[in-house]
Amino acid sequence: MTVHEQFAEDLALYALGSLEGETAVSLEQHLEECAACRQELARLQGDMALLALTTSGPAPPQRARQRLLKAIGREPRSLHTVFLRRRWWTLAPVFASLILAVFAIMLWRENARQRDRAEALRADLAQNEATFEQAKHLLALLTDPSAMHVTLVAAQARPQPLGKAIYMPRTGALVFIAGNLPPLMPQKTYELWLVPMRGDKPMPAGIFKPDPKGNAMVMMPPISAGVEAKAFAVTIEPAGGSPIPTMPIVLVGS
Amino acid sequence: MSTAGTQPSSADAALIARLRSGEQDAIAELYDRYSSLVYSVALRVLADSSAAEDVLQEVFMQLWRHPASFDARRGNLGPWLAVIARHRAIDVLRKRRPQTDVEEVVIAIDADLEGKAERARAAERVRASLHTMPEAQRKALEMAFFEGMTHTEIAAQTGEPLGTVKTRIRAALVALRRAVNV
């Protein structure tokens, strides 16, 4: 490695702190890239040290030593180990690493949160699927014409028409199942009535005809939500149904 | 002989290691070794014992606070402290904030100057070299080193061309190096 001659004299001035302005800036840029010139600068600093060795004089007063040791005794230890004098950009990789680490932690936590959420959603979905399957099977059972409908009554008794209404006033959902119904004339139909708790005018709740075995079902007729029911009843009406029930009442329950 | 870049195995390196672990006794020992050198450099520059004491205090406090600022692989501690003391004394002389980043000060000396006797021997050779070099060259070097004058200021004061002053300063420094390495 050889020192670049054009910088040789400037290097000496730079070592002495005498170089200023653009010349100093361009020399510093060169030093960043040139190991030979950095080495020569170190040698010139060594030459300066040699010159410094020629100084001689009295030893420093004893009080200077005491002053130093007293000052050191007052200095908290943490400052000595933690703080190093550096140019800010030499710490840039440390800052970048810290930022990346914080970022990684944030991403990891977000990832964990999303993973928990996905697992909760998967659990909900599985539960909903199970409920849906159960409801589907129940519905298929109730609506399948080939399903057996057996009404059990007291032994030796003749089966009587009967019906069961399942009603939820909050939503207006209604399922009605009937059995042992006598067959009707073609121009007639059975009609289900909801007798509200307030007022006595029954509300139509669907018309139906029984199958040859006397079974029938009404599912989810259009009933407004929030109607409290006092009773349910079934009458025989002309085909297409009636706005008000025609006596007699075939089935009634409250 | 040791050069900058070699692994330190000296007493100085051991003291610096103790300093880094926070031993107050280590700074006291380093002070006893090098306070005279640091003080004499500061006194030569400042010609004021009180100001020189302040520089002495500052240099050793700097070493105590930031022991990592001296890398033992990059030079002898004594010469390094002497140069740091010179820079700080010049700052005080010129009434300016510290201009030198001590971590940037890297000393390369072929001679081993850790012992007091070695330093005294090297100082004798340097003094002899100064006596034998041309007066103008020695004066330019001392004005730059001990008075902190820029080459422009030296040229203005001596009436010599700027290029000549620059050449003299470098040549003088290199002459000291050769004198010690003989």
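Here's a short walk through the structure, one selection at a time.

This is a predicted model, so local features need pLDDT of at least 70, side-chain atom pairs count only at pLDDT 80 or more, and totals for chains, interfaces and linings use all residues. Residues are numbered from 1 along each chain as its sequence is written, while chains are lettered from A and ligands numbered from 1 in the order in which they are written.

Start with chain A and pick out S1, S2 and S5, an open antiparallel sheet in that order. (Strands are DSSP runs of E, at least two residues, and helices are runs of H or I, at least four, numbered from the N terminus; two strands pair if DSSP finds at least two bridges between them.) S1 (162-168) and S5 (216-219) of chain A each have a single partner strand, so one side of each has no neighbour in the sheet.

Now zoom in on S2 (173-179) of chain A, which four bridges join to S5(A). Select A:Ala178 and you'll find its bridge partner in S5(A), A:Ala216.

Next, click A:Ala205 in strand S4 (203-208) of chain A. A:Ala205 has 22 other C-beta atoms within 10 Å, so it's buried (the cut-off is 20 or more, with C-beta atoms placed from the backbone). Its contacts, meaning C-beta atoms within 7 Å, include A:Leu174, A:Trp193 and A:Ile223. A:Leu174 is 31 residues away along the chain, with 8.6 Å between the C-alpha atoms.

Finally, hop to chain B and select B:Leu81, which is in contact with B:Tyr34, B:Leu37, B:Val38 and B:Val59, leaving aside neighbours within four places in sequence.

Technical notes:
A residue is buried if 20 or more other C-beta atoms lie within 10 Å of its own, exposed if 12 or fewer, and partly exposed in between; C-beta atoms are placed from the backbone. Two residues are in contact if their C-beta atoms, placed from the backbone, lie within 7 Å.
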